[in-house]
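Please open the structure shown below in a viewer and keep the selection tool at hand.

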Amino acid sequence: MALKGNLRDFTITQLLNLVNLAKKTGTLEIQGSGGSATVIFREGKLAYAQFANEDASLSSILHRNKKITRSQFQLLTNRAQNMTDKELGLLLINAGYVSQEDILTSLQSYFINVVQRLFTWVEGFFQFEQNMTLPEDKIAVKVDLENLIIEGARQMREWELLQDEIPSLEMALKFTDRPETNLRNVNLSVEEWRVVSFVNPKNTINQIAKATNLSDMEIRKVVYGLLQAGLVEIIRPGGTPVRITNQMFPTPNRDEQKNLLTRLVDRIRAL
Amino acid sequence: MQTVKIVVTGPFSAGKTEFIRTVSEIDVVSTERKITAEAEKVKQTTTVAMDFGRITVDDDLVLYLFGTPGQKRFDFMWEILSEGMLGFIVVVDSNRPETFREARSILQTFKAYAPTPYVVAANKQDSPDAWDIEDMRVALRLDSHVKILPCVALEKEKVKTVLLELLFTIQSEMESGKA
C-alpha cells in the first residue's frame, strides 16, 4: 500500500527520516504548487531526484556543473537524443571528456539540490510507492540522508519563524516613507529585485509570489529581509489601513453609528 | 438592546485579562486553566478560550470586551472572536521584548482578519525595565499613524485612556469618510 498524504501534515523532512530509519526502497512523487517532483530511494539512501519541469538529463546536469561546455552540450542535445544517460556517460568517459567522478559528483549535487528545494514546499500531495525503483537507463547515486534531514529540520524552524513574522500572504506591501533610503544604493539579490519590482499596494504577497515563481517559504524569506531592512511595510491590499464597515455596528445607519460612539466615549469617561 | 464588541489581544502574559478586569462591571468570565508547561511558568493560570467583560453604556447599549487567549495553540479562537468587532487593542508587555515578535504576528493576523481600527497598549509601563514607547513602535514595526499608548492594566485611568483612544480613532476614521 502506498504511503500518501499532504506535506502540510507530514513534511519532506519527516518523509526523509522515515525512509532513512526504515531503509526504504521506493519512489516518492510529490505534486505541489511549484510543479511536481520525483525522488527515488534505495535502501534508505537518495538515488535520484528530478523536477518534472526541469531538464534532468545527464548532459544538462554536466553542463550546469560546468563539466562540459555549452557547445558540447548543444552537440549532445542534437546528436545524442536517443542515448540513455548510462550510454552517454560511458561515451563521455571513454572519449575523455569527463571522468566517472565528475559524473557522479554532478548528479549527486543536482539531486541534493532538488531535495533542498523541496524543503520550501509546505503544501502538496505526496505518494511513496515501495519498491518502485529507478528506470534502467538512469544513473543512480548513493547519498546518505542524515545531513539532508538536519538541513530540513533547520529549514522547518526557519519556516515557523517566517510564518510568525508574515502570517498572511493575502496582505500587500508598500515602500516605507524613508527619504534617506535610495533603493539604488541597496544591494539586493536578483530574487529580491524581482519582488521589489512588484511592490504595490494593489498586489498581495501571494500574487507577487506567483508572478515571481517563488514558493510560500521563498517569498516569506525575501519579504522578511525587506521588512528587516525597513524598505517595505505590510499593509492591507488596496492600501487602506482601516475601513469603517457596517459589520462593526449593530445598526447600518451612519448617524446612529456616530451617536453610539459618542455614548460609548461618554460612558468610558465616566468610569 | 444593542451590543458592540472590542477585542483585547496580545501575546501570552501581556496583561489582557487584567486589562478587562480593571474596567469590567462584572467579574471577568475567564476560562482559565493552571499552566502545566514549565516554559510558560511566568504565571499560574492562563486563558484557554477567552475572557469576557462588560460595560453597560445605557438602557439600550452594552459594550463587551473579549480577551483572546495568548498561547499560540488557542489561536484558532482569534478569527471567531474578531467577527463583528468595533476595533481591537493589542496589549504588549513592555518588559518582555522576547514577546514583540509574537505581538507583530498577532497584529498582522488581526489586520488580515478585518480592516478595523486598532491601538496598541504598551503595558507594565510602571516597571523600571519597561521599554520606551517610541522604541516599542520601532520594534513592533508600527506605522507612524498607529497609536501606541502607555498603559498599566491595573490602573483604571490608564485602561480608560486606551479604550478612549480606540474610540477616538474610530470616530476620526468616520469623520474622514473612510467607509
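**Before selecting anything**

This is a predicted model, in which local features need pLDDT of at least 70 and side-chain atom pairs count only at pLDDT 80 or more, while totals for chains, interfaces and linings use all residues. Residues are numbered from 1 along each chain as its sequence is written, and chains are lettered from A and ligands numbered from 1 in the order in which they are written. The model scores ipTM 0.87 and pTM 0.69. Colour by pLDDT, the predictor's confidence in each residue, from 0 to 100. For chain B the mean pLDDT is 86, and 85% of the residues reach 70 or more. Where pLDDT is low, the predicted coordinates should not be read in detail.

**Chain B as a whole**

Chain B has 5 helices and 7 strands, in the order β-α-β-β-β-α-β-α-β-α-β-α from the N terminus. Of its 179 residues, 42% are buried, that is, they have 20 or more other C-beta atoms within 10 Å of their own, with C-beta atoms placed from the backbone. Two residues are in contact if their C-beta atoms, placed from the backbone, lie within 7 Å. Among contacts in chain B with a separation of 6 or more, 70% are between residues 24 or more positions apart.

**Helices α1 and α5 of chain B**

Select residues 16-23 (α1) and 156-175 (α5) of chain B, whose axes come within 9 Å and cross at roughly 100°. The axes are lines fitted to C-alpha atoms over the stretch in contact, and angles run from 0 to 180 degrees between N-to-C directions. α1(B) and α5(B) are therefore roughly perpendicular to each other, a term for angles of 65 to 115 degrees. Show the side chains of Phe19(B), Thr22(B) and Val23(B) on α1(B), and of Lys156(B), Val159(B), Lys160(B) and Leu163(B) on α5(B), which make the contact. By class, these contact residues are 4 nonpolar, 1 polar and 2 charged; Ala, Val, Leu, Ile, Met, Phe, Trp, Tyr, Cys and Pro count as nonpolar, Asp, Glu, Lys and Arg as charged, and the others, Gly among them, as polar.

**Val152(B)**

Move to Val152(B), in the loop between β7 (148-150) and α5 of chain B. Val152(B) is buried, with 22 other C-beta atoms within 10 Å. Beyond residues up to four places away in sequence, Val152(B) touches Asn123(B), Lys124(B), Gln125(B), Asp126(B) and Lys158(B). Its C-alpha atom is separated by 8.0 Å from that of Ala122(B), 30 residues apart along the chain.

**Where the chains meet**

Show both chains: the contact takes 36 residues from chain B and 30 residues from chain A. Which element gives the most to the side of chain B that touches chain A? α5(B) does, with 9 residues. That side of chain B has 17 nonpolar, 8 polar and 11 charged residues.

**Strands of chain A**

Finally, select β2 (26-32) and β3 (35-42) of chain A, which pair in the antiparallel sense over 7 bridges; strands pair if DSSP finds at least two bridges between them. A hairpin joins β2(A) to β3(A) through 2 residues, and Gly32(A) stands opposite Gly35(A) in β3(A). Val39(A) has Ala49(A) in β4(A) as its bridge partner. The hairpin of β3(A) and β4(A) has 2 residues between the strands, and Glu43(A) in the turn has a positive phi of about 50°.

How values were computed: Helices (H or I, at least four residues) and strands (E, at least two) are DSSP runs, numbered from the N terminus. Angles under 35 degrees count as roughly parallel, over 145 as roughly antiparallel, 65 to 115 as roughly perpendicular and the rest as oblique. A residue is buried if 20 or more other C-beta atoms lie within 10 Å of its own, exposed if 12 or fewer, and partly exposed in between; C-beta atoms are placed from the backbone.
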